[in-house]
Every structure is written in structure tokens, then in C-alpha cells.
There are 2 protein chains.
Amino acid sequence: MTGVGGFSPDLFDDVAFNDQGLVPAIAQQHDTGEVLMVAWMNREAITESLGTGRACYWSRSRAALWRKGKTSGQVQALVELRLDCDGDAVLLLVDQTGVACHTGRRSCFFRAVRDGQLTTIAEVVTDPAELYAD
Amino acid sequence: MTGVGGFSPDLFDDVAFNDQGLVPAIAQQHDTGEVLMVAWMNREAITESLGTGRACYWSRSRAALWRKGKTSGQVQALVELRLDCDGDAVLLLVDQTGVACHTGRRSCFFRAVRDGQLTTIAEVVTDPAELYAD
């Protein structure tokens, strides 16, 4: 778990949050390279993710911290947090337990334009009813 | 080049553009899985990318279409366009010529939090002065 467990607050000098105090964050499975999802982070979500070693986002719909997997158990262990050249996007290398998508698919990017049509290209791995049983 | 060269405009029924008419777009090298950059696309950028088979974004700073590589030659051939579960993020699988980053590095995500500090983890491959000579 490189870089997890505390960090210099100077980090935030280099993060270009938008006018809502957010940056888009991409979660990528650290060993396979699969892009799992895109969400948003604020300063608090970054602090918590680096402090706990588990990905935490900001839910824009709920206007609250979103501790990924808290309900579903599908947590993301944080392997490394990266920042892009202009500081306005974050890449999280994670180790995803189970599935990242609320539809029960491994990745949220399960639709592709093929032969001109939006096509489902990945199967449901876990029944969402199991993920959100409680 | 799957899915490139025309598409049904119904696609846009499934894209959840923000109030500026944009969605974040991640460019990923199709064979290695490397995340190269994050940019933004509007309807026109998606149409052009799928039509021409080359990644085209929307530059928020210039408020204009950004035909990636037009100046630098570092074009991205579009292999596949994917959409996430709620339609508010796009994943472009591309074949990147040269480097994606304006700093001359392969990926824009060349900084990582390691030992608590933001650390440069990738070297400059091509001198930016060469990329933007004209």
C-alpha cells in the first residue's frame, strides 16, 4: 500500500478542485488495468482515502461522503493515488473486492458502441439484490 | 476499429451531459490498459470521434473542439467508445501515437502520492519543444 497512511497537506496545493470543490476520480484495478468507475472526490474524500487506505468518494446526489462498499461490501483497497498534469483529475489504483458497479458488473463501463449501437459487453457477476440486501 | 465510422444518434439518449453539455472522458491505451489522460467531450466531440476514428475532445479553456494531436502529431486512434452505467462518463480505448501529455510524458498521471509526498513517477519521453515546434 504505497503512499497510504498519511500525507503532506501540501498535496492540496496541486489539486485543482472545480467550483464545487470536486475533482473527477477514476478507479482502476491496479494489476489488470481495468477501468472500474468514475466518481468525484473533494478534499475530505481524498484525506480519508489516503488515511484509511480505502477509496472514499463524494456523492453528489447525496451530498455526503461515499465510503465505497460500506453497504455492499464491495470495497476498494487503495494501492496508489495519482494526480494528472494540471491537477484536475485523480487516478486511484485500487484492489476491488467483488464488483464496482451497482448493477452487479465488475466495471461500470459495460456498454460500448459496436456496429453503431450501444451494446452491453459485460455480464452481471453478482445479483444487485444480494449487494444491497439490507 | 470496432464501432467507429458512424453510429445511431440514439446513443445520445443514454449520455448524461452536465449542465455545460459535457461529460468527462478517460483515454486508455487499448492494449496495455494505461490510463493516459482525462478530458471532456460534448455531443459534437463524440460525433466527430466516432465518425473519424480519432479522439476529439472539447477544450474548456479554448471553448473549441480539440482534435488531439493536430498540433503535436500525438494523435489517438479510437478503438472503442464505452459509456458507464449512469451515462455520465465516457471511456475511450485508443491507440496513442507517442505521448499523451503536453509535458512530453506518455501519461498525464505522472505524479503519485508516495511516502506522503507527491512524487514524479514517469520521465519525459519527448521534449515538449519538439511537440510544439510550430
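Q: Among contacts in chain A between residues at least 6 apart in sequence, what percentage joins residues at least 24 apart?

A: The share is 45%, where a contact means heavy atoms within 4.5 Å. This is a predicted model, in which local features need pLDDT of at least 70, side-chain atom pairs count only at pLDDT 80 or more, and totals for chains, interfaces and linings use all residues. Residues are numbered from 1 along each chain as its sequence is written, chains are lettered from A and ligands numbered from 1 in the order in which they are written, and side-chain values use heavy atoms, with hydrogens and water left out.

Q: Why does the radius of gyration of chain A agree with that of a compact globule?

A: The radius is taken over C-alpha atoms, and the globule rule is 2.2 Å times the number of residues to the power 0.38. With 134 residues the rule gives a value near 14 Å, and chain A has 15 Å, so the two agree. The C-alpha trace of chain A spans about 45 × 40 × 30 Å along its principal axes, and 54% of the 134 residues are buried, buried being under 20% relative accessible area, exposed over 50% and partly exposed in between, with a 1.4 Å probe and protein chains only.

Q: What pattern does chain A follow along the sequence?

A: The pattern is β-β-α-β-β-β-β-β-β-α, which comes to two helices and eight strands; helices (H or I, at least four residues) and strands (E, at least two) are DSSP runs, numbered from the N terminus.

Q: Why are the two copies said to be related as by a two-fold rotation axis?

A: Superposed by least squares on the C-alpha atoms of residues with pLDDT of at least 70 in both, chain A can be laid on chain B with an RMSD of 0.0 Å by a turn of 180° and a shift of 0.0 Å along the axis. The relation is thus that of a two-fold rotation axis. In chain A, the C-alpha nearest this axis belongs to A:G33, at 2.4 Å, and 100% of the contact residues of chain A recur in chain B.

Q: What makes β8 of chain A and β2 of chain B edge strands?

A: Two strands pair if DSSP finds at least two bridges between them, and the open sheet of six strands runs β8(A)-β7(A)-β5(B)-β6(B)-β1(B)-β2(B) with mixed pairing. β8 (117-120) of chain A and β2 of chain B each have a single partner strand, so one side of each is left without a neighbour in the sheet. Neighbouring strands of this sheet are turned by 35° against each other on average, direction ignored. β1(B) and β2(B) run antiparallel and are joined by six bridges, with B:V23 standing opposite B:M41 in β2(B).

Q: Which residues of helix α1 of chain B are buried, and what covers them?

A: In α1 (residues 43-52) of chain B, the buried residues are B:A45, B:I46, B:E48, B:S49 and B:L50. Their cover includes β7 (111-114) of chain A together with β1, β2, β3, β4 and β5 of chain B. At the start of α1(B), a side-chain oxygen of B:N42 reaches to within 3.2 Å of the backbone nitrogen of B:E44, inside the limit for a polar contact (a pair of N or O atoms within 3.5 Å; within protein, one must be able to donate a hydrogen and the other to accept it, and residues adjacent in sequence count only if both atoms are side-chain atoms). Just after α1(B), B:G53 takes a positive phi of about 80°.

Definitions and conventions. Axes are lines fitted to C-alpha atoms, for helices over the stretch in contact, and angles run from 0 to 180 degrees between N-to-C directions.
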